[in-house]
Amino acid sequence: MFEGLAGRLQEAFARLKSKGKLSEADVDEAMKEVRRALLAADVNFTVVRDFVARVRERAVGQEVMKSLTPAQQVIKIVHDELTALLGGKPSTLNLSGRPAVVMLVGLQGAGKTTTAGKLAQWVRKQGRRPLLVAADVYRPAAVRQLQTLGEALKVPVFSVDGDADPVEISKSSLERASQEGCDVVLVDTAGRLHVDDALMEELERMKAAVVPGEILLVVDAMTGQSAVEVAEAFHGRLGLTGAIFTKLDGDTKGGAALSILSVAGCPIKFAGVGEKLDALEPFYPDRMASRILGMGDVLTLIEKAQQTVDAEKAKQLERQLRAGEFSLEDFLDQLRQVRKLGPLDQLLGMLPGMNKIKGLGNLQVDERQLGRVEAIILSMTPEERRRPELIDASRRRRIASGSGTRVEDVGRLLKQFKEMRKMMKQFSGMGKKMARRKGFR
Ligand code: GDP
Ligand code: MG
């Protein structure tokens with residue numbers, strides 16, 4: 001989802017980035033495009049108007065941040081405001097009661113039953129013991145659907161045969177939970193094709209009977225703005241604690257997700273991204289905003305870089321890059337700068353495109369190996385660091401024993417360094433450009 005919106009915003013910002021200094025007219029031009037993009041993505045009109053006004057005010061009146069270009073600053077503001085629109089900080093699931101009760105409500109076909117199964121799996125991963133409750137009694141198939149899910153997950157399912165009252169079912173499910181040693185009760189309720197009074201009344205009675213810590217609206221993201229209207233209706237009657245958007249794997253414009261908090265006052269807690277039982281993700285407003293802006297979490301990276309990287313050092317590095325005199329000392333310096341930013345695997349995950357590389361989630365960058373590299377370089381003399389070609393076999397042995405590593409380790413590092421220097425020389429003409437792109441200005 002968000003493909004259309006993302007494409008248009010990225011285009012608008014590409015144009016902005018091509019300008020060095022930004023005039024108020026440039027900002028206005030970009031804001032016009034942002035406005036059009038949001039409206040085309042089906043974001044609520046009032047939400048768009050307020051959003052653009054806020055961004056414009058901040059963009060025009062902004063204090064100058066030395067390490068960001070004007071365009072980057074505008075993008076950062078848009079990113080901040082998108083994040084706020086999506087709820088700011090991620091909201092957690094309230095599982096405080098014993099048992100904690102979570103009620104899933106929503107229209108028919110929204111994905112309640114499927115999501116109940118997904119949540120059962122999710123809370124179990126949190127170390128809790130879920131009980132699924134089949135309180136959609138109007139369609140026999142619904143009970144069977146939940147039982148099948150329960151079997152697949154090996155999670156107990158509470159259901160009552162015959163013409164049982166959903167309110168009674170949910171009440172007795174609490175007893176069953178304590179008998180079975182379950183500490184999270186997930187109640188799957190009935191839906192209708194449209195919001196109607198009978199449904200609301202029944203849900204109100206259920207709420208009164210089990211006092212849930214969470215009443216989550218399950219909405220189909222494919223239904224666009226009507227998802228927001230549904231949220232308003234349910235929130236008015238039941239006091240929702242959050243929403244779960246399903247079918248975000250589909251081709252939705254995403255406007256509803258961007259409108260629901262402002263219009264219906266309901267934060268998104270999870271996103272359903274497929275039919276399988278593990279296709280449920282906690283909803284992170286800032287990551288979603290980054291995804292829309294198409295930069296991985298590059299903005300976070302910019303922020304971190306801004307705090308940590310010493311601008312003077314960066315300039316010096318740039319000069320050296322241009323002169324092609326990058327030494328092992330500089331390499332060590334770089335290594336330390338990068339490490340100051342945080343754990344390497346986390347950093348890699350923030351780089352654009354990296355999150356698309358399969359298996360990166362399992363990537364473990366070996367911090368110990370970095371420590372080893374550092375030790376090796378520290379065991380060299382300053383002369384050796386500047387002119388690695390001096391390092392012959394006997395020097396290698398000395399460095400290895402000085403750093404507690406093996407001769408092969410020293411050899412490997414030198415080889416890598418040589419490769420890197422060769423590459424840098426080729427790039428040296430582009431040094432300035434590269435440095436700027438990394439936010440090292
Ligand atoms: P309910 O009537 O609200 O209980 O809805 P169901 O849980 O029965 O789901 C209705 C349909 O939507 C089923 O075919 C589900 O497989 C499908 N569905 C639910 N969530 C998702 C999702 O996140 N992505 C996709 N692609 N399909 C989903
Ligand atoms: Mg159902």
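In strand 2, the side chains of P130, L132 and A134 point one way and those of L131, V133 and A135 the other way, and all of these residues are buried. Here a residue is termed buried if 20 or more other C-beta atoms lie within 10 Å of its own, exposed if 12 or fewer do, and partly exposed in between, with C-beta atoms placed from the backbone. In a regular strand the side chains alternate between the two faces of the sheet. Because six of the six residues of strand 2 (residues 130-135) are buried, the strand is largely enclosed by the rest of the structure. Helices (H or I, at least four residues) and strands (E, at least two) are DSSP runs numbered from the N terminus.

The structure is a predicted model, in which local features need pLDDT of at least 70 and side-chain atom pairs count only at pLDDT 80 or more, while totals for chains, interfaces and linings use all residues. Residues are numbered from 1 along each chain as its sequence is written, and chains are lettered from A and ligands numbered from 1 in the order in which they are written.

The protein chain has 20 helices and eight strands, and 39% of its 441 residues count as buried. Among the contacts with a separation of 6 or more, 76% are between residues 24 or more positions apart; two residues are in contact if their C-beta atoms, placed from the backbone, lie within 7 Å.

Strands of a sheet pair through backbone hydrogen bonds, either parallel or antiparallel. Two strands are taken to pair if DSSP finds at least two bridges between them. An open sheet of eight strands has the order 3-2-4-1-5-6-7-8, with mixed pairing. Strand 3 and strand 8 (280-282) stand at the edges with a single partner strand each, so one side of each is left without a neighbour in the sheet.

Strand 2 pairs with strand 4 (residues 184-189) in the parallel sense over six bridges, and V187 of strand 4 is the bridge partner of V133. Strand 2 also pairs in the parallel sense with strand 3 (residues 157-158), over two bridges. In strand 3, F158 is the bridge partner of V133, and V157 is that of L132. From strand 2 the chain crosses through helix 6 (residues 140-153) to strand 3 in a right-handed β-α-β crossover; right-handed means that, with the strands pointing away from the viewer, the path from the first strand over the helix to the second runs clockwise.

Helix 6 lies across strand 2, strand 3 and strand 4, and runs at about 165 degrees to strand 2. Helix 9 (residues 225-238) packs on the sheet as well, touching strand 1 (100-105), strand 5 (214-220) and strand 6 (242-246), and its direction makes about 160 degrees with that of strand 5. Axes are lines fitted to C-alpha atoms, for helices over the stretch in contact, and angles run from 0 to 180 degrees between N-to-C directions.

Strand 1 is likewise covered on both faces, with A100, V102 and L104 buried on one side and V101, M103 and V105 buried on the other. Strand 1 runs parallel to strand 4, to which five bridges join it, and L104 stands opposite D188 of strand 4. Strand 1 and strand 5 pair in the parallel sense over four bridges, with V105 opposite L217 in strand 5.

P166 lies in helix 7 (residues 166-180) and counts as buried, with 22 C-beta neighbours inside 10 Å. The C-alpha atoms of P166 and V133 are separated by 9.8 Å, although the two residues are 33 residues apart along the chain. Residues up to four places away in sequence aside, P166 touches A135, V137, T189, A190, E202 and M206.

The axes of helix 1 (residues 3-17) and helix 2 (residues 24-40) come within 9 Å and cross at roughly 175 degrees. Helix 1 is therefore roughly antiparallel to helix 2, since angles under 35 degrees count as roughly parallel, over 145 as roughly antiparallel, 65 to 115 as roughly perpendicular and the rest as oblique. Helix 1 contributes G4, L5, R8, L9, A12 and L16 to the contact, and helix 2 contributes D26, A30, E33, V34, A37, L38 and A40.
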